[in-house]
Amino acid sequence: MGTYVPLWVKSNHSFLEGASFPEELVERAHALGLPAVAITDRDGVYGLVRAHMRAKELGIRVVTGAQFTLGIDGNAHHVVALAKTRRGYADLCRALSLGHARCEKGVSLVTSADLEQTRDVFFLCATPTALRVLHASHGPSSLFALCARHLTDCEKPREKALRSVARELDVQTVGANEVLYHHKLRRPLQDVLACIRMGKVLSEAGHTICANAEHDLKPTDEFDRLFADDPACLRRTLDIAEQCAFSLDDLRYRYPEEHLPSGRSEQRWLRELTFRGARARYQGKVPGDVRVQVERELQIIRKLDYGGYFLTMYEIVQYCRQQSILCQGRGSAANSAVCFCLGITAIDPVRMDLLFERFLSVERAEPPDIDLDIEHDRREEVIQHVYEKYGRRHAAMVANIIRYRIRSAVRDVGKVLGLSRTDLGTATRLLRHRDDVLNPELLREAGLEKDAPATHQLWSLASQVLDFPRHLSIHPGGFLLGHRPVDEIVPIEPATMEARTVIQWDKYDVDNLALFKVDLLGLGALTCIHHAFDLLLEHKGQPFEIATVPAEDKATYDMVSRGDTVGVFQIESRAQMAMLPRLRPRTFYDLVIEVAIVRPGPIQGDMVHPYLRRRKGEEEIVYPHPKLERILNKTLGVPIFQEQVMKLAVEAAGYTPGEADQLRRDMAAWRKSGRIEKHRTRMIPRMLAEGIPEEFAERVFSQIRGFGEYGFPESHAASFALLAYVTAWLRCHHHEAFICAILNAQPMGFYTPATLVEDAKRHGVEVLPIDINKSQWNCTLTPIGEEGQSPVDDAKRRLYGVRMGLRYVKGLGVVERERLQGVERPHPNLATFVRRTRLNKKALHALAEAGALECFGLNRRDAIWQVRSLSRFSQDSLPLEPASSQISFSSLASDDQVLWDYRSSHHSTRGHPMRGLRHALRSRGIPEATRIHGCEHGDELDYVGMVICRQRPGTASGVTFFTLEDETGFVNVVVWKQVFDRHAALAKTAALLGVTGEIQKADGVIHLIAKSLWAPDVALAEQTHRSRDFH
Amino acid sequence: MKRVCCVLLPMLPLQILLRKKPHWNGVPVAVVDDDGPNGRITHLNALARKSRLRIGMRQTVARDLLPNLHTAVVSPEEASEVSRELITSLQTFSPRVEAIDHAGAFHIDPEGLRRLYGGYRNWATSIHRYLRARHWRNSVTVGFHRHRALAVAMTHSGVTIPEGADEEREQSNKTPLGEFDLPGELYESLGALGIETLGDFLVLPAGELHSRFGAKASALHDSFAEDMQLPIQPHAFDEPARISFQVDPPDKDQNRLLFAIKGALHSLLHQVRARGEAIQSLQLSLHLERAPLHQEHIEPASPTLDLMLVLELIRLRLGEVSLQGAVEEVDLLANTVRARPEQAALPGHQPRRDMSAAHRALDRIRAAYGEHSVTRARIREAHLPEASFRWEPIQHARLGEQSTSTCVSSMVRRVYARPKALPPRKSREPEAGPALAKNHIIEHMYGPYRVSGGWWKRLVERDYYYAETDHGDLLWLFYDRPRKRWFLHGVLD
């Protein structure tokens, strides 16, 4: 019996064509005893890394290649290309990049000219035309005629014609079928994928789907029988595979060499910069322990030859500094003293006792992962700088492969099966995005017949397609950089977004191949901080940087401990606010814990309450094993951070550093089924053997599983905690600058501008309405009184109010911004304003409705009537006022003014919508938020408030948390699932909600536990307010 | 002062839906503009409205809020059809009925027939009761101004008879603007000025409206001007062309019947021609003596006024049927369309084939063998041989397209309508090969060519072969894997 190597194999990374994961194909090839398998995805190498990694584990070879589309005289011909050497692979990647560059997203067309310089590649041609063209450019030695036998009736004449041309050109034949799935059972799924790709339903699929199920990975004997008449063409597959010696392991990646100062090596220059930075960080005196740590890190960096990477990050950070763009490293980079000294991160790892090995270790020998947070509205500047500095071929963004989740799977598969669009719409709404198992009961609830074959097929196929790649998207900020062109490592494609290019691998692939990548991420909090610092400098002459914000400020911690943190980065959510009075942070490290503890990992691992009890001294601090004390003492014996979990695995379960690192990867690989679970059988018995109680072992494991969803490493939490502290300090001491900055940084954070404005007003900040003669585009600080005349002299914030900016008028955009900013001010009257700005009727109406034209002595209705007429003459150059009927409309009542504000600008400076209802509510004995806070545990009462947030966390067993607001503050309402279901329509839609419930009071935290929900019978326009809902 | 009546059936599409699905009464119901999840709600019943659903909401959102919501589309054709029926009904109360540009609203001239009812109120009440008895929710206003009467009908249920124009004005001024189907932006813009009722709106200066709020606002304002009333544009009677005659004594002889029909048909065609129309189809009803009614539907290839053609089609059709009794009465009902003058063919571009003769031939075949007797094969994209074409009825003969392919197949495959099962063999595995009739031996088999699919409906897995017999026949066979059986699917010439 002979054997063969399948040379034309497409994985499911040939989007919507292949029906098996690369790993499945490799596993099947291994199980069939094949010596190697080629992976030749359509127009790329998308699935190659995953196949390569699995093949390494199994000890089977992967032949590297791709099926590319060759354009000849306007026709497309599929050709399989297999790389023999590193050079061949680079040439193939470059040709694929050229093919993609000339086409729209997702399509590639390579020309014969693109292949002229290609060497060390085997081409397998299935058509005589392609064979002739490539023969002319490459000769017969690297060319094969590809004979495919899928048992369709049109193949024989084609093969006859192909063999005839091959004989004529002296080209050898090779036998290979187009493999689209590892097993015949996947044929239905392949049909479905083909239909999705072509937008067809199965009943009308026609030739969109394959004629039969012969596109599987066949056992040797079956393939032998297929080519019994020409066994030599199968033997050739073995020869080809043997000659294709290239492996992805051969990708030696060198980081771009920086422009080093003359006479300095990379390492020496890094050392100089590091110590220069250290002296600046420590005011000229670098402490001994810091020096030791820096030396140790530099030694490891030199050993691993990663100096260039740090220099490049330093260069990007320097660019940000020069351009006055705030940035800060996050993630494990904060464990590095070198990063701290270079200014890449802001956390001192020596002072924080952070573990450098989490970032970089000789044993792991992996490139470091530095994520750089950048002001979100200026991130594009930095991205374009990287492109400019390194060149388009040397820099490309990492892909984000969009995969089927439960909703998209049901929607796409259902469409192909021809199911009712309405039923599918209902089904997808019932499913939760995070679900990773498709419950057939949900399909029944959606109105699909439970026992109908189509329902069964939907369930089965949608379950199979879960996690399948659907299309390529772009990673938010991951860059692959190289001193050699990136397109020699992986093909580059144009992205949908203008001026962006993207590689064909995602971050996991890049990690798996140990390639360098830079993450440039946008962060609204940095924008907010930058704006606030600018305002303080401009108006108060106080220069601040993140590093110079006064540390460990008592007033700031007092405010935070009260849970008074609306707008404060990371600790402003309902859950964080509820935790703060319990944890009562008094130090920066408390904030680090606060940031990390309100996460699914610690919550699901039931780590929160033990930590709080121990912190309050209600529970003894015990360690399940003496050797865990060193790991857990910072967090009172309770594991909270990712590093602690890793260390636990090493210390308590005997994991090797390699295994611990695999654990970290598996935790990071979000929702890859089974990857975390396999650690359970390994870890728990080992922990029990070490004498650790089973209950603790189970708890640690459930936390690990939780980290699979979201979990913070300590260094990352510290980086975020720093920003949390800075924003909290700004809010505590310069609330007017803080609110102005955060309003200008929108959209960001947890709350709507309306809530931010109301909160500022409650804290004594004067917020002034939009005024066409006084407002800038952005919100501004404006003096509201002379120092000394202020009621509170020492409260400098009272000297400034916040003038709302024109950006908040609904309906104004870029064009209006330019026109408004490009004219002189003030405008003496409405007609002059209209003529100067030449705004259209819609924009003028929006301004009038928002009250921005009241400065001309017109009420809003009169202004609307006037601008609707004046807008006709906005293009006239002569200042003529048209004659029109003088009609006077009634002014708005004060309550209506507030409603109009909300409708036209999503906020109101004039009052809270609830204020107008207060009298009616008070007469019915319904209290405001401040009075709720004075209630006793167990009190039963009614409350009415505006819904500003609905949240149903995955960790809360169906409980929905509502945050209601009135003119005095917030009330947190807990709605159990049965109560929510009973009032579902109201609960989902009401802007104004009545709640009957019972007060629950613990540790100064108050919740109203809803017993019933109701619609208050008081008039309030529903469009006044939009809540932020997170499900 | 002359009166005008307005009959309003509010939310007509919703009423149509509930009449079609009476079991939906008592449950939340919405009319949507599209059956898909993104279809938007256009009308809601009270229960759905109570559950916080709103007009304009997407169907998928509404169903999420209210899982037991019942939705359906009411097509414009359905609404038009109902509207026509309603006009016909209302024409029994007055010959002058006009459907106006507001769904479910009709203007009726009350003069003339109202005296038969003893006054406006009785007349209006009769209309109201007539419609209500047929389960149409409605309001009837007999006022003085066409549009003001409509405005009153929008807010007053039952019958309303204002005493004078002032009372009508007062009542109509209170009508909310939201009732008038104004474009959303216009409605919102007016709302912003605090203009919420018709009265508020009519106070605005007419000359300023067009520039500020556009033509729609201006037109609405103008329509309420006292001096801008247009007279009712009554709807024409919409009766089909029809003729019937008695056969006395009853007769079964087809020749005599045809002769009688010819005379009636002549009159009918005259009637149709006078309308400027042509016969698209003809309903022939024969009332038989002591036997049930016999009906035939005759449809020429294209609308016609050709007496002999129609008569020939009737002759052919009657020649194929045997009547169960003597004919007592003949009724001819013509379905007509507007006639179009035949275009003269350009000289030199006449097709060589006489297509009109082909049409006549096909008409005769259809008349003789039924409406679906003339079909053509349409090629479809499919892997399964029998699914790769479909027989579909055609009305008109078409000139065949000249094939551009120079490749001529050397063999013709004749495919059986249903594959013929071959005799089973002891071994049912494919290797055993097919069993043919006696004295036929397969000498060579070519294949297999595998076709499989249809798993979503009924799994098909076939291995096709070409088989050459010792008699020189070329057979087209397949082995059906699920059924483990050989079939003959065709032969090759």
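How many Å separate the centres of domain 1 of chain A and domain 2 of chain A? Taken over C-alpha atoms, the separation is 34 Å. The model is predicted: local features need pLDDT of at least 70 and side-chain atom pairs pLDDT 80 or more, while totals for chains, interfaces and linings use all residues. Residues are numbered from 1 along each chain as its sequence is written, with chains lettered from A and ligands numbered from 1 in the order in which they are written.

The bounds below come from an automatic or database domain assignment.

| Domain of chain A | Residues |
|---|---|
| domain 1 | 22–250 |
| domain 2 | 405–466 |
| domain 3 | 915–1030 |

Domain 1 of chain A gives eight residues to its contact with domain 2 of chain A, which gives nine; two residues are in contact if their C-beta atoms, placed from the backbone, lie within 7 Å.

Between the chains, 35 residues of chain A are in contact with 31 residues of chain B. Among the elements of chain A that give two or more residues to this side are helix H16 (421–430) and helix H37 (860–870). Helices are DSSP runs of H or I with at least four residues, numbered from the N terminus.

In chain B, helix H15 (residues 355–369) has Asp363(B), Arg366(B) and Ala367(B) buried. They lie on the same side of H15(B) because they cover an arc of only 100° around the axis, the arc being that of the directions from the helix axis to the C-beta atoms. On the other side, Ala357(B) and Tyr369(B) are exposed. Buried requires 20 or more other C-beta atoms within 10 Å of the residue's own, exposed 12 or fewer, with C-beta atoms placed from the backbone. The buried residues of H15(B) pack against helix H14 (307–320) of chain B.
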